[in-house]
Amino acid sequence: MAEYTFREVIAQAMSEEMRKDESIFLMGEEVAEYNGAYKASKGMLDEFGPKRVIDTPIAELGFTGIAVGAAMNGNRPIVEYMTFNFSLVGIDQIINNAAKIRQMSGGQWNCPIVFRGPTASAGQLGATHSQAFENWFANIPGLKVVVPSNPYDAKGLLKTAIQDNDPVIFMESEQMYGDKMEIPEEEYYLPIGKADIKREGTDVTLVSFGKIMKLALQAAEDMAKEGISVEVIDLRTVRPLDFDTVLASVKKTNRLVILEEAWPFASISSEITYMVQQKAFDYLDAPIKRITTPDAPAPYSAALFAEWFPKLEKVKEEIKKAMYVK
């Protein structure tokens, strides 16, 4: 196995699938001549040419609509947003067309598109560039939502997403593009809708996804030094959400903490909390705890942002509360 960065495996996944299927193409702002805003399409213009790696104007509504029409006519577009904050400009095409065309056409049209790009915060980028919309898209029937936490998962999940016949929202992170990991040389795919237990444990279940998984794993490591065994689950996809893996873990540990980089109201953690109390209430030995960002836009100030973003100490504090340990 060789070591690759997150941005490199994104380019690998797209390129591997594009070599197999000429109906697949990539479009977005700066994906071609500039090799991607985050260099996640480096070298692809040279290999596939300008008809399959297409630079677009700064017009998300327009090129999202073009992708929907192309998908309905037998192509398999990959749309890159420079950030999912900008997808809001084209969200009507995603929600009212891509997600619904199969049902509204009585199955006459599929809409195989991957909408991908970075989500959530990336430091001091201000309130309108630091938003996590996983729960928005996960709320829409017809969409699948994938949020990988590391390069290995990202490559396998993206390859699966590109082959899917339904629209897939594939959410990355600006702060993960430089992360490195050993990646198998042989081809592999990972299933959409299957969570991964990143760390086995017996005392409390900690569920998370995306780049904040690093915080979850560090908290589990620190808690082990204090004699608390934390089982860490990486959801990997939030639509469909693998409730079975979460429920099986809760039935073993009898405690649940959820860590999410999003606003608290109507979040992914809210849905998990409901499902666990509905299907595993009798197994709980403590109230479910969750850690999210505050219910406020992300501040620009470095000092305020540090207070706004979930902290390692807060995660450990909530784990201890679930264990009734001071």
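**Strand pairing and a helix contact**

Mentor: Thr 205 stands opposite Leu 256 in β13. Keep in mind that this is a predicted model.

Trainee: How do you know that β10 and β13 pair?

Mentor: Pairing takes at least two bridges. Three bridges join β10 (residues 204–208) to β13. So the two strands count as paired. They run parallel.

Trainee: What makes β13 and β14 a pair?

Mentor: Three bridges join β13 to β14 (residues 289–291). The cut-off is at least two, so this counts as a pair. These strands also run parallel. Val 257 stands opposite Lys 289 in β14.

Trainee: Which way do the side chains of β13 point, and are they buried or exposed?

Mentor: Leu 256 and Ile 258 point one way from β13 (residues 256–259). Val 257 and Leu 259 point the other way. All are buried, which means under 20% relative accessible area.

Trainee: What is the handedness of the crossing?

Mentor: α1 passes α7 in a right-handed crossing.

Trainee: Which residues make the contact?

Mentor: From α1, they include Phe 6, Val 9, Ile 10 and Glu 17. From α7, they include Pro 151, Leu 158, Lys 159 and Ile 162.

Trainee: How many residues of each class does that contact have?

Mentor: Nine nonpolar, two polar and five charged.

Key:
Residues numbered from 1 in each chain as written. Predicted model: local features only at pLDDT ≥ 70, side-chain atom pairs only at ≥ 80, totals over all residues. Heavy atoms only, no water. Left-handed = near helix turned anticlockwise from the far one by under 90°. Helix = DSSP H or I, 4+ residues; strand = E, 2+ residues; numbered from the N terminus. Contact = heavy atoms within 4.5 Å. Nonpolar A, V, L, I, M, F, W, Y, C, P; charged D, E, K, R; others polar. Buried < 20%, exposed > 50% of the residue type's maximum accessible area, 1.4 Å probe, protein only.
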